[in-house]
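Here are my notes on the model, point by point. Please read them with the structure open.

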Amino acid sequence: GGGAQPEISDWLYTFDTSNDLDHVAAVVYDPDTESTYAVGTIDGFATFPDEGTVGVQGQTTGWLAKLDQEVNLAWLRQFPATPAGTIDDPMSEVLGIALLPEGQVVIVGAYKGQVNHGGVAFPESNGVDAFILIASATNDVVDDLWHSGTGEAKLRAVAYHADSDHIFAG
């Protein structure tokens, strides 16, 4: 109960895209900092306010964004993939997110080819491989936890269980 609810437009953040494959896959709110994190995928290019045009022509690119208390973009991290081995159509998707203690987030998704972000390189993938990654509230890669290596895997959802200190993904 209590006070007045904010207008929906107070929470609205949009990015411009001309591709119907671009999307926000998941959102999580951090009540301690009143920040919102979002993950998703763009196919080709998209324009984020305060960031400009991001993405790679002809390629699917996953992203992680942090919005501040005023719903302004605090930062955006892209996960572009490059060709590797026999892969000439690289891609990355960020499909799930969960809040961890101390303001970190864990993200999950899939990639094909080679992905290098923040000095951490995923193992080269000749198929679609799943990943789990932890990022800090300041946009630093904290830990590159896991890759499937099977060539046919995607992780679409993730949850953190505080009582057991376990991350669950599927």
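1. Confidence first. The mean pLDDT of the protein is 83, and 86% of the residues reach at least 70. pLDDT is the predictor's confidence in each residue, from 0 to 100. This is a predicted model: local features need pLDDT of at least 70, side-chain atom pairs count only at pLDDT 80 or more, and totals for chains, interfaces and linings use all residues. Residues are numbered from 1 along each chain as its sequence is written, and side-chain values use heavy atoms, with hydrogens and water left out.

2. Which element has the lowest mean pLDDT? Helix α1 (residues 8-11), at 50. Strand β6 (residues 91-99) has the highest, 94. Helices (H or I, at least four residues) and strands (E, at least two) are DSSP runs, numbered from the N terminus. Where pLDDT is low, the predicted coordinates should not be read in detail.

3. Now the hairpin. Strands β3 (residues 52-67) and β4 pair antiparallel, over six bridges; pairing takes at least two DSSP bridges. Leu 67 has Leu 73 of β4 as its bridge partner. Five residues lie between the strands, and Val 71 takes a positive phi near 65 degrees. In β4 (residues 73-79), five of seven residues are buried (under 20% relative accessible area, with exposed over 50% and partly exposed in between; 1.4 Å probe, protein chains only).

4. Aromatics next. There are four aromatic pairs: rings of Phe, Tyr and Trp (its six-membered ring) with centres within 6.5 Å, stacked with planes under 30 degrees apart, edge-to-face over 60, the rest tilted. Tyr 111 and Phe 131 have ring centres 6.4 Å apart and planes at 55 degrees, so this pair is tilted. Tyr 111 lies in β7 (residues 105-117) and Phe 131 in β9 (residues 125-135), so the pair ties together parts 20 residues apart in sequence.

5. Are Tyr 111 and Phe 131 buried or exposed? Both are buried. With Phe 122, Tyr 111 and Phe 131 form one aromatic cluster.
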